[in-house]
Amino acid sequence: MPSIISVSNLSKTYGTGFKALNNINLDIERGEIFALLGPNGAGKTTLISIICGIANASEGHVTVGGHDISRQYRDARSLIGLVPQELHTDAFESVWGTVSFSRGLFGKPKNPTHIEKVLKDLSLWDKKDSKIVTLSGGMKRRVMIAKALSHEPKVLFLDEPTAGVDVELRKGMWEVVRTLQASGVTIILTTHYIDEAEEMADRVGVINKGEIILVEDKANLMQKLGKKQLKLHLQCQIDAIPPALAPYHLELSNGGCELTYHYDTRVERTGITSLLGDLRNAGIRFSDLETTQSSLEDIFVSLVRRN
């Protein structure tokens, strides 16, 4: 099945000479949740703006559902819903009015049943007659999502959708995103909350300095790049790590009561067995041990630093 979004050899250079994007190649599969991660100024919003037809590329091509975003703009744009990072709504319009108006902008006939479903799915139904100005920041964010879904798009871009939203509402939005994916909508998510990507995404792309440095299935990424660590809780405090244990590059913490060993799960020998033997020979006893895996945030930071 062809990708719903295909980006080929895409570059963007501004009049000042600044190159915001450099030879981007990216395919988004139908029905997936794709998380696009990158530090501030990496090019995330520029890339989204070009895919959505808001900005023009200097080089390259973008197709959405097989339609070229430049030559077949209306056909391509009708497949896209966009929730921008900034909140742009008519403050004195009602929730129902602004969402219905957004549907009309795409030339869609009135469909009160669809608008009602969207508002109910986003827990906005009891606010349908409220003026936007009276809503909380989290509710305004939900209205932006409702506007983006008003014309029944096949692709939804969420650019920092939970910025400024409290934890409870963030989790509520995650449930909305899962429901949308289940209905067949493809989700492209940019976020500063790495746990959001770790929770939601099927695949992860990392962009830095205008270049895609990695696109990987999230589970594979965690397995390939995620280091594990073994933490040993010692029976007795130690002041320093014995020289015989230097090859393990252990970390001593918690006032000399904990030792941490980092290892790679991909190698044939992790070194744990020999470490435990050498600890015993050094007279170091432990009361408990635990293992943890590097988070997606750890991997992201490592990739960006390396790049």
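This briefing walks through the main features of the structure above, one topic at a time. The model is predicted, so to speak of local features a pLDDT of at least 70 is needed, side-chain atom pairs count only at pLDDT 80 or more, and totals for chains, interfaces and linings use all residues. Residues are numbered from 1 along each chain as its sequence is written, and side-chain values use heavy atoms, with hydrogens and water left out. Helices (H or I, at least four residues) and strands (E, at least two) are DSSP runs, numbered from the N terminus.

- Strand E1 (residues 5-13) runs antiparallel to strand E2 (residues 19-28), and six bridges join them; two strands count as paired if DSSP finds at least two bridges between them.
- Together E1 and E2 make a hairpin with five residues between them, and Gly17 in the turn has a positive phi of about 95 degrees.
- Leu10 has Ile24 as its bridge partner in E2.
- Ile24 is buried, at a relative accessible area of 0%; buried means under 20% relative accessible area, exposed over 50%, and partly exposed in between, using a 1.4 Å probe and protein chains only.
- Setting aside neighbours within four places in sequence, the contacts of Ile24 include Val7, Leu10, Leu47, Ile207 and Ile212, where contact means heavy atoms within 4.5 Å.
- The C-alpha atoms of Ile24 and Ile194 are 22 Å apart, with 170 residues separating the two along the chain.

**The six-stranded sheet**

- Six strands form an open sheet in the order E6-E7-E8-E3-E9-E10, and the pairing is mixed.
- E6 and strand E10 (211-217) are the edge strands, each pairing on one side only.
- From one strand to the next, the twist averages 15 degrees; angles run from 0 to 180 degrees between N-to-C directions, and axes are lines fitted to C-alpha atoms, for helices over the stretch in contact.
- Strand E9 (residues 203-208) pairs with E10 in the antiparallel sense over six bridges, and Asn208 stands opposite Glu211 in E10.
- H1 packs on the sheet and touches strand E3 (33-37), E6, E7, E8 and E9, with its direction at about 155 degrees to that of E7.
- H5 also packs on the sheet, touching E6 and E7, and its direction makes about 165 degrees with that of E6.

**Helix H1 and what follows**

- Helix H1 (residues 44-51) is mostly covered, as seven of its eight residues are buried.
- The buried residues of H1 are Lys44, Thr46, Leu47, Ile48, Ser49, Ile50 and Ile51.
- Gly53 follows H1 and has a positive phi, near 80 degrees.

**Nonpolar cores**

- In soluble globular proteins, nonpolar side chains tend to be buried together.
- A nonpolar core here is a set of buried Ala, Val, Leu, Ile, Met, Phe, Trp, Tyr and Cys residues joined through side-chain atoms within 4.5 Å.
- The largest such core has 29 residues, of which Leu156, Leu158 and Ile187 touch the most other members.
- At least two residues of this core come from each of H3, helix H4 (112-121), helix H5 (137-149), strand E7 (155-159), helix H6 (167-182) and strand E8 (186-190).
- H5 gives the most to this core, supplying seven residues.
- A second, separate core has 26 residues, including Ile28, Leu47, Val62 and Ala76.
- Not counting residues up to four places away in sequence, Leu156 touches Gly81, Leu82, Ala148, Leu180 and Ile188, among others.

**Two helices side by side**

- The axes of H3 and H5 come within 7 Å and cross at roughly 35 degrees.
- Val95, Thr98, Val99 and Ser102 of H3 make the contact with Val143, Ala146 and Lys147 of H5.

**A loop residue and the cysteines**

- Ser94 sits in the loop between strand E6 (80-83) and helix H3 (95-105), and this serine is buried, with a relative accessible area of 14%.
- Beyond residues up to four places away in sequence, Ser94 touches Lys128, Asp129, Ser130, Lys131 and Ile132.
- A disulfide is a pair of cysteine sulfur atoms within 2.5 Å, and by this rule the count is zero.
- Cys257 is in no disulfide, with the nearest cysteine sulfur, that of Cys236, 8.9 Å away.
- Cys52 is buried, at 0% relative accessible area, while Cys257 is partly exposed, at 27% relative accessibility.
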